[in-house]
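Work through the exercises below with the model open. Try each task before reading its solution.

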Amino acid sequence: MIRSLQQSLQRWYARNARDLPWRRRVTPYRVWVSEIMLQQTRVEAVRQKYVAFMRRFPTLRALAQAPLEHVLEAWSGLGYYRRARMLHAAAREIAARHRGRFPRSHAQLLALPGVGRYTAGAIMSIAFDQPCPIVDGNIVRVYARLHRTAKPANKDVWAFAQQWADSAAAPAIMNQAIMELGAIVCTPVTPRCDICPVRKHCKAGRHGDAREFPAPAPRGEKRSVRYLLLVLRDAKGRVLLRKRPQGDKGSLLPGGLWELPHAEWPQGAPTPEIPADNLRLTGKAVQVTHSIMDCNVTLHVQPATGGAAGRWFTMQQAQAAAISSATRKALLTGYPG
Ligand code: SF4
């Protein structure tokens, strides 16, 4: 069955694959960067950033030689900056340990910072056309629907993915084709079984109940946190940002990035603590909500005056700097002018 399924899918992929910048020229470096950017981030958000990033760091060597600060800047807007740090650390490790040559084995890739089983499999299959399995959310969903399985076991999905890669004449194409199917046809909420190239092989598609599979994962309770963020502006309208030291875990907002002066506002406390004695709140706060992993965050974005350490940025400069998505949202929503 898998061969016939692959033939149908390959024909479909040849006609329907999206034109994405990382597909135009395939190298291990380009595949790697795209895969790291695509983790937990929508394709549309990655497209433009990817092109700009590649312009700035066209080679592994350029990335390894760049200061981390520049890499974080180029990452601005993608969020989850830990990925950028890992990418940079891995580039330096390749330069140091592999003499700048991109590793060609699964085990060597897995040893790099930020590279897990999925990413190693994606690089090995897409860049080197090796029969390495990949499992991501798209593949779990397609697998669950093909087999009409509500709770597919992780080991079964990986076994399917291995069989899938082993059966492929061109693993680079077949692995991308099944992910593409999950991304644009077998989507989570509105699967397009009516136009699906593999419907005849698909149990849920034939039963007409694809949306029921896989069963939704139980959601854990998210904790709620509040922050007071201060917006100080100078006479030129620039906004004050300060830089949190690398590795500083004193805030939910990540270290190494530019941020608005802020303080946590504990639940139950009637008023927030002002982050410095010589600051005065002015005007009305705007409330912005944001979600960070297991937290619902409420940001009270408050105009303020007074002396505080930091650097003045125009809004345009602030948007281009290495800032977290929470800071970006606060600047855009809470203080747009
Ligand atoms: S037939 Fe429907 S459920 Fe099955 S793979 Fe295609 S889109 Fe998904």
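Among contacts in the protein between residues at least 6 apart in sequence, what percentage join residues at least 24 apart? The figure is 67%. Two residues are in contact if their C-beta atoms, placed from the backbone, lie within 7 Å.

Two conventions apply throughout. Residues are numbered from 1 along each chain as its sequence is written. The model is predicted: local features need pLDDT of at least 70, side-chain atom pairs count only at pLDDT 80 or more, and totals for chains, interfaces and linings use all residues.

**Exercise 1. Describe the overall build.**

Step 1: count the elements. The protein has 15 helices and eight strands. Helices (H or I, at least four residues) and strands (E, at least two) are DSSP runs, numbered from the N terminus.

Step 2: take the dimensions. Along the principal axes, the C-alpha atoms fill a box of roughly 70 × 50 × 30 Å.

Step 3: find the buried share. Of the 337 residues, 35% are buried. A residue is buried if 20 or more other C-beta atoms lie within 10 Å of its own, exposed if 12 or fewer, and partly exposed in between; C-beta atoms are placed from the backbone.

**Exercise 2. Locate the domains and what lies between them.**

Step 1: The domain assignment gives domain 1 (2–212) and domain 2 (223–334). Such bounds come from an automatic or database domain assignment.

Step 2: examine the contact. Seven residues of domain 1 are in contact with nine residues of domain 2. On the domain 1 side, three are nonpolar, two polar and two charged. Ala, Val, Leu, Ile, Met, Phe, Trp, Tyr, Cys and Pro count as nonpolar, Asp, Glu, Lys and Arg as charged, and the others, Gly among them, as polar. The domain centres, taken over C-alpha atoms, are 35 Å apart.

Step 3: trace the core. The largest nonpolar core has 86 residues. Such a core is a set of buried Ala, Val, Leu, Ile, Met, Phe, Trp, Tyr and Cys residues joined through C-beta atoms within 7 Å. Those with the most contacts inside this core include V33, W75, I123 and L229. Helix α3 (residues 28–38) gives the most to the core, with seven residues. The core lies between domain 1 and domain 2, because both give residues to it.

**Exercise 3. Decide how enclosed α3 is.**

Step 1: count. In α3, 10 of the 11 residues are buried, so the helix is largely enclosed by the rest of the structure.

Step 2: name them. The buried residues include Y29, R30, W32 and E35.

Step 3: find the cover. It includes α2 (21–24), α4 (43–56), α5 (60–65), α7 and α9 (117–128). I123 is in contact with P28, V31, W32, E35 and L109, leaving aside its neighbours within four places in sequence.

Step 4: look past the end. Q40 follows α3, with a positive phi near 60°.

**Exercise 4. Is P103 buried or exposed?**

Step 1: apply the count. P103 counts as buried because it has 22 C-beta neighbours inside 10 Å.

Step 2: list the partners. Not counting residues up to four places away in sequence, P103 touches I94, H98, Q108 and L109.

**Exercise 5. Work out the open three-stranded sheet.**

Step 1: give the order. It is β3-β2-β8, with antiparallel pairing. Two strands pair if DSSP finds at least two bridges between them.

Step 2: find the edges. β3 (258–259) and β8 (311–313) each pair on one side only.

Step 3: check the bridges. Strand β2 (residues 239–243) pairs with β3 over two bridges. Three bridges join β2 to β8. R242 has E259 in β3 as its bridge partner, and L241 stands opposite R311 in β8.

**Exercise 6. Characterise the shell around the ligand.**

Step 1: count. The ligand is surrounded by 15 residues, the closest being C186, C193, C196, C202 and G205. A residue is near a molecule if its C-beta atom, placed from the backbone, lies within 6 Å of it.

Step 2: assign elements. α10 (137–147) and α13 (203–207) are the elements that give two or more residues to the shell. The largest share, three residues, comes from α10.

Step 3: sort by class. The shell has 11 nonpolar, one polar and three charged residues.
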